[in-house]
Amino acid sequence: MLEDQTTAASSPTAWPAAYPQGYAVVDVETTGLARDDRIISAAVYRLDTRGEVEDHWYTLVNPERDPGPVWIHGLTSEALEGAPLFQDIADEFSARLDGRVLVAHNAVFDWQMIAREYARAGRVAPVTQRLCTIVLSKELGLPLPNHKLESLAAHFGVVQQRAHHALDDARVLAEAFRPSLRAAAARSVRLPLHECRPLTEWTDRAVPRQSAGYGGYRATSWRPARKRPACPYPNPGRYEDGKPLKQGMRIAFSGDTSTERDLLEDRAIEAGLHVATSISRLTSLLVTNDPDSGTSKVVKARQFGTPVVDEAAFGQLLRDVEPASEQ
């Protein structure tokens with residue numbers, strides 16, 4: 001168990017009734033970042049309603065493929081050879097997640113990897129909501145130099161022992177989340193909870209890309225139609241080259257992306273951006289990997305002079321989105 005470094009005096013006497021009853025702080029290490037990559041290790045710290053640790057769990061997972069960047073996570077093919085398959089640990093994983101809010105650092109990524117593994121196993125993860133500690137730290141206005149886990153840990157005096165090891169990363173996040181949760185409760189901050197939508201079908205079968213200018217293959221998935229939440233911030237105008245994105249900017253996407261489109265949209269929404277389905281004079285930025293294509297969005301972007309960046313540049317911009325101006 002983790003030692004609680006927060007004094008009883010700092011704990012609010014009236015805990016917000018709307019707050020969740022329990023949390024599952026999760027970290028997964030993977031073979032890569034693409035939609036067809038696999039989980040190779042997973043850790044879960046279960047916390048009660050006020051962030052106190054109840055227990056923790058860790059497992060290796062055999063990805064049935066090359067382990068990817070060993071120099072980052074340290075897990076070789078030999079280390080994973082005798083590990084259980086995901087379907088073998090799905091029951092235990094489910095027991096750890098069931099009825100709790102999934103908490104992770106860049107939670108949309110961890111959720112997507114978990115949802116895909118469950119879909120491959122013909123199952124659905126028992127998770128309906130997630131909370132991203134990056135988003136929470138922004139809501140709390142924490143004075144962090146960047147949004148890396150190590151910066152959040154340092155802010156709360158949490159010592160990392162093995163970065164990119166799922167169990168230690170989950171421990172560090174659990175220790176940093178507890179004071180964050182209590183600070184939010186003390187100020188009655190509404191927690192940034194987001195819906196977890198499971199994949200309804202999944203295949204790793206490679207299919208040809210169809211858009212102009214793209215070669216190669218990609219894996220595909222199908223997801224249910226969804227209604228995006230309204231952006232709470234006013235549109236600050238167009239993106240300017242060399243400057244950060246700002247909450248409230250209207251972002252449109254066109255063409256194929258290496259990252260699943262829903263994942264990109266979720267990341268944009270969680271950063272406080274407005275995801276637009278079309279291009280207008282009010283659009284702040286168009287994200288496309290094929291700016292020379294003849295899609296209607298690209299054509300309209302040219303007509304309106306809408307700034308255009310590719311997926312990689314957009315990913316970099318998402319790392320540090322400027323808060324909306326106070327009204």
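Reply: A crossing is left-handed if the near helix is turned anticlockwise from the far one by less than a right angle, and right-handed if clockwise. This model is predicted: local features need pLDDT of at least 70, side-chain atom pairs count only at pLDDT 80 or more, and totals for chains, interfaces and linings use all residues. Residues are numbered from 1 along each chain as its sequence is written, and side-chain values use heavy atoms, with hydrogens and water left out.

Me: How many helices and strands are in the chain?

Reply: Helices (H or I, at least four residues) and strands (E, at least two) are DSSP runs, numbered from the N terminus. This chain has 10 helices and 12 strands.

Me: Which way does helix 8 pass helix 10, left-handed or right-handed?

Reply: The crossing of helix 8 past helix 10 is left-handed. Axes are lines fitted to C-alpha atoms, for helices over the stretch in contact; angles run from 0 to 180 degrees between N-to-C directions.

Me: Which residues of helix 8 and helix 10 meet?

Reply: Contact means heavy atoms within 4.5 Å. Helix 8 brings Leu264, Arg267 and Ala268; helix 10 brings Glu311, Phe314, Gly315 and Leu318. Four of the contact residues are nonpolar, one is polar and two are charged (nonpolar: Ala, Val, Leu, Ile, Met, Phe, Trp, Tyr, Cys and Pro; charged: Asp, Glu, Lys and Arg; polar: the others, Gly among them).

Me: At what angle do helix 3 and helix 4 pack?

Reply: Helix 3 (residues 86–97) and helix 4 (residues 107–120) pack at about 125°, with axes 10 Å apart. That makes helix 3 oblique to helix 4. Phe86, Ala90, Phe93, Ser94 and Leu97 of helix 3 touch Ile114, Glu117 and Tyr118 of helix 4. This contact has six nonpolar residues, one polar and one charged. Helix 3 passes helix 4 in a left-handed crossing.

Me: Is phenylalanine 177 buried or exposed?

Reply: Buried means under 20% relative accessible area, exposed over 50%, partly exposed in between (1.4 Å probe, protein chains only). Phenylalanine 177 is buried, at 0%. This residue lies in helix 7 (residues 166–186). Beyond its neighbours within four places in sequence, phenylalanine 177 contacts Tyr23, Val25, Leu47, Val103, Leu131, Thr133 and Leu136. Across the chain, 52% of the 327 residues count as buried.

Note on methods:
Parallel < 35°, antiparallel > 145°, perpendicular 65-115°, else oblique.
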